[in-house]
Each structure stands twice: as C-alpha cells, then as structure tokens.
Amino acid sequence: MYQNILRHPGPTPIPQKVQQAMNNNIVSHRSEEFVQFFRETSNRVKPLFGTKQDILLIPSGGTAALEAAAINTVSPGEEVVVITIGAFGDYFVSICEKYGFKVHKLEKEWGQACTEDDLIQFLKPLKNIKAVFATYNETSTGVINPIEKLANVVRTHSDALFIVDGVSCIGGVPGEMDSWGIDILVTGSQKAMMLPPGLSFISVSEKAWKVIENNQTPAYYLNLLTYLEWFAKGMTPNTPAISIIYGLSAVCDLIEAEGFQQTIERHQLMKNMVREGMRALRIGLLTSEEDASPTITAIRAPEGVDLGKYIGHLKQKYYLDFAGGLGKLQGEIFRFGHMGYCFPSDILEAISLMEAGLQDFGYSFEAGAGVKAAQDVFLTKHRN
Ligand SMILES: *Cc1c(COP(=O)(O)O)cnc(C)c1O
C-alpha cells in the first residue's frame with residue numbers, strides 16, 4: 001500500500017526526522033554518552049508537562065504508567081475517587097479495583113466533561129480520599145476535561161493527590177503540572193508525542209513523592225522510587241527504550257522549532273477546522289464546543305449512512321484510516337484523530353476524502369462544502 005493516511009487518535013504518524021533519529025546506532029544505556037543524552041532529552045520534555053520535576057521514562061505503554069501512578073501512591077483498602085467520562089477513565093477504575101482500592105466512581109455521560117461543580121458535590125460527603133484520578137483528554141469520546149479547574153477543586157476541597165492521565169493530549173495542549181497543582185501527570189509516546197508506542201512518561205510532585213515513600217502496595221518493575229534513584233545517575237533501573245528516546249530528542253527539536261505555544265494553537269485550529277467542516281456537511285458531533293478535544297473529534301454517523309461500512313470504504317478506497325467508536329459508542333461514532341504530526345493540510349485532505357466517500361454512499365450534500373468550511377477557518381486564522 002503506497003498510502004496510509006492514519007487519522008487515529010493513536011497510534012499516530014511519525015515525522016521523517018523522528019523516524020531517522022530512531023535509526024541511530026544503539027549504544028549502552030550505561031555509557032557516558034547515553035547518560036548525557038538521556039538527561040538532556042528528558043529535561044527538554046519538561047515544558048510540555050509544565051514542571052520543574054524530573055520526567056521519568058518507562059519502557060512501556062501508557063497503561064503501565066497509569067498503573068505505576070496508582071500503585072505507588074495508594075495502598076489496598078484506601079479510598080480513591082476516579083473521575084470517568086469514557087473508556088479510558090474506566091482504565092483507572094479497573095486498575096484501582098484490581099489492587100483492592102476502595103473506588104468512588106464519579107461517572108459522567110459519555111460525551112460530556114466533568115465540571116468543577118460535579119467534583120465539588122462529589123467530594124463533599126467523602127473523607128480520607130487518598131487520590132483523585134482523572135483523564136485529561138478522553139480519547140473514546142473526544143472530550144477534554146477542565147483539568148486546571150478540577151485540580152483547583154481537589155486542592156481546595158481535599159488533601160488528596162490529583163493524578164492525571166494525559167496520554168492522548170500532552171504535547172498538543174497546555175500542560176501546567178506545577179502551577180495547576182497536578183501531583184502526577186502521565187503520558188505515552190504514540191499519541192500527541194509523535195513517536196511509536198513503547199515509551200511512557202511520568203512526573204511526580206514533591207507532595208506525591210512523600211506519599212510514595214510511605215506507600216504499602218508492592219511494586220517492582222513499576223516502582224517509582226527505583227526510577228527516581230536511577231534517574232539521579234542519569235539512568236533507568238532497567239534497559240530503556242533507547243531508539244524511542246533518540247526519536248524523542250528529534251520530537252523536541254520539532255516542537256522547539258515550531259514553538260510549543262504554536263503547537264498548541266495548531267491543535268486548536270485543527271479541531272475548529274474539523275468541527276466546522278462536519279457542520280457544513282450536516283454531520284453531527286458528539287460533544288459540545290466547550291468540551292471538545294483539540295486532539296480528537298468524535299463524529300456521528302452521517303444520516304442514513306452505515307458507519308461501519310463507510311469507515312471501511314474510506315480505508316479501502318481512499319486509504320483514509322479513521323478509528324471507530326469504543327464500547328457503547330461503537331457503530332454510533334467514529335473518531336478523527338488530529339494530534340501530533342498533523343497539520344491543517346491533513347485536515348483538508350481528510351475532509352475532502354470523506355466527501356468523496358459520502359458521494360459514493362449517495363449522501364446528499366453540497367460537494368466541497370466541508371472542505372470550504374474548514375478552509376475558511378484556516379484562512380481566518382492566517383489572515384490574523
Ligand atoms: C491510549 C490511551 C491510554 C493507553 O495507552 P496504551 O499505550 O495503549 O497503554 C490511556 N489513556 C488514554 C487517555 C489513552 O488515550
């Protein structure tokens with residue numbers, strides 16, 4: 001296949017420079033040259049997290065880092081709040097339940113964000129909450145939680161740690177761990193970070209390190225204190241994902257060259273282009289404007305079109321690869337990923353191919369309307 005236009009909310013396309021960097025010769029992770037490079041590279045990730053704390057790198061998928069965040073801070077039998085607004089929030093619920101934590105689940109309807117008030121009311125009757133877990137960006141529904149506000153609620157209404165899954169957005173949205181008061185922030189490599197799967201990132205506040213020191217849940221490979229100890233020597237306890245870390249350095253080059261603020265704005269712009277494009281095609285969106293994610297948009301079935309067949313057709317005929325709905329939204333929505341190595345031109349391309357597919361399905365619309373609407377958003381931004 002010549003072309004594969006990967007518009008999933010992870011894994012995502014990899015820039016050529018990043019791909020090339022990953023071809024560098026493998027060196028020992030205990031060598032002086034690697035230690036230096038490792039320190040430097042992990043420091044360059046700090047602005048994306050908005051933290052002065054170390055960024056620890058675990059050779060794993062994002063889920064392992066979520067598990068690390070949970071088991072290093074909470075002991076069996078202790079009480080936690082998990083905010084879940086979709087399939088990925090449910091990951092945190094499953095992890096916490098598996099380890100015997102007492103879970104209070106703050107659930108929202110799929111497609112909605114958790115509000116400050118939801119959390120204030122939920123926390124009111126609860127005492128002794130050890131940690132509050134939340135998903136920054138819910139990949140199954142394309143909803144972004146107001147994480148700064150939720151962090152503030154946790155700070156002012158409890159003594160709990162605030163632990164955040166940023167897997168599908170860090171690198172494409174503001175991350176202000178220190179100033180917002182996030183205690184643990186986690187992300188993974190294969191979403192907005194423009195890398196292959198296999199590397200996760202975790203950063204821990206001073207408050208959380210104190211809790212971790214006294215925690216009782218056993219952990220070996222995912223023991224964060226071990227990671228911290230080795231990090232001080234510029235190393236990881238075990239063999240790191242050396243090639244992906246080469247790639248990470250190239251990712252930092254790209255984001256620094258663009259300017260992180262511009263990266264964030266590009267994601268906002270792409271979100272607006274997709275949403276306006278769908279409106280012009282009279283295709284429904286799952287979420288409100290306020291809750292809409294800058295990195296992934298959940299889109300409803302065009303009226304009268306079988307979604308499974310449409311998505312399959314786009315992939316087969318036009319090499320345009322979208323992700324379907326997860327869990328209870330399967331068959332109801334599809335997911336248009338626009339994170340990481342994705343630009344306004346990619347959005348125009350995808351909408352144009354979507355229109356071609358709609359014509360094949362006999363959907364009635366004004367040809368070009370979606371592309372034009374998206375392009376108008378793009379031009380308006382660039383005239384300013
Ligand atoms: C993808 C994703 C995960 C899981 O990451 P894996 O690398 O697949 O383990 C967790 N949370 C969110 C929000 C995600 O998007």
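So, how many helices and strands does the protein have? There are 14 helices and 14 strands. Keep in mind that this is a predicted model. On overall shape, the radius of gyration comes out at 21 Å, close to the 21 Å from the globule rule for 384 residues, so the protein is as compact as a globular protein of that length.

Of the 384 residues, 58% are buried. Then take the contacts with a separation of 6 or more: 73% of them link residues 24 or more positions apart.

Now let's zoom in on some helix packing. In general, you describe two packed helices by the angle between their axes and the distance between the axes. Take α5, residues 116-123, and α6, residues 147-157: the angle is about 25 degrees, and the axes sit 9 Å apart. Angles under 35 degrees count as roughly parallel, and α5 and α6 are therefore roughly parallel to each other. The crossing of α5 past α6 is right-handed. Who's touching whom? On the α5 side we have Glu116, Leu119, Ile120 and Leu123, and they meet Lys149, Leu150, Val153, Val154 and His157 in α6. Sort the residues of that contact and you find 6 nonpolar, 1 polar and 2 charged.

From α11 the contact uses Arg266, Leu269, Met270, Met273, Val274, Gly277 and Met278, while α13 brings Pro344, Ile347, Leu348, Ile351 and Met354.

You'll find leucine 224 in helix α9, residues 224-231. Is leucine 224 buried or exposed? Its relative accessibility is 0%, so leucine 224 counts as buried. And what is leucine 224 in contact with, leaving aside neighbours within four places in sequence? The list is Leu56, Ile58, Ala68, Asn72, Ile202, Val204, Trp209 and Ile212. For a sense of distance, glycine 172 is 52 residues from leucine 224 in sequence, and C-alpha to C-alpha the two are 26 Å apart in space.

That's my tour, thanks.

Key:
Residues are numbered from 1 along each chain as its sequence is written. This is a predicted model: local features need pLDDT of at least 70, side-chain atom pairs count only at pLDDT 80 or more; totals for chains, interfaces and linings use all residues. Side-chain values use heavy atoms; hydrogens and water are left out. Axes are lines fitted to C-alpha atoms, for helices over the stretch in contact, and angles run from 0 to 180 degrees between N-to-C directions. Helices (H or I, at least four residues) and strands (E, at least two) are DSSP runs, numbered from the N terminus. Angles under 35 degrees count as roughly parallel, over 145 as roughly antiparallel, 65 to 115 as roughly perpendicular and the rest as oblique. A crossing is left-handed if the near helix is turned anticlockwise from the far one by less than a right angle, and right-handed if clockwise. Contact means heavy atoms within 4.5 Å. Ala, Val, Leu, Ile, Met, Phe, Trp, Tyr, Cys and Pro count as nonpolar, Asp, Glu, Lys and Arg as charged, and the others, Gly among them, as polar. The radius of gyration is taken over C-alpha atoms; the globule rule is 2.2 Å times the number of residues to the power 0.38. Buried means under 20% relative accessible area, exposed over 50%, partly exposed in between (1.4 Å probe, protein chains only).
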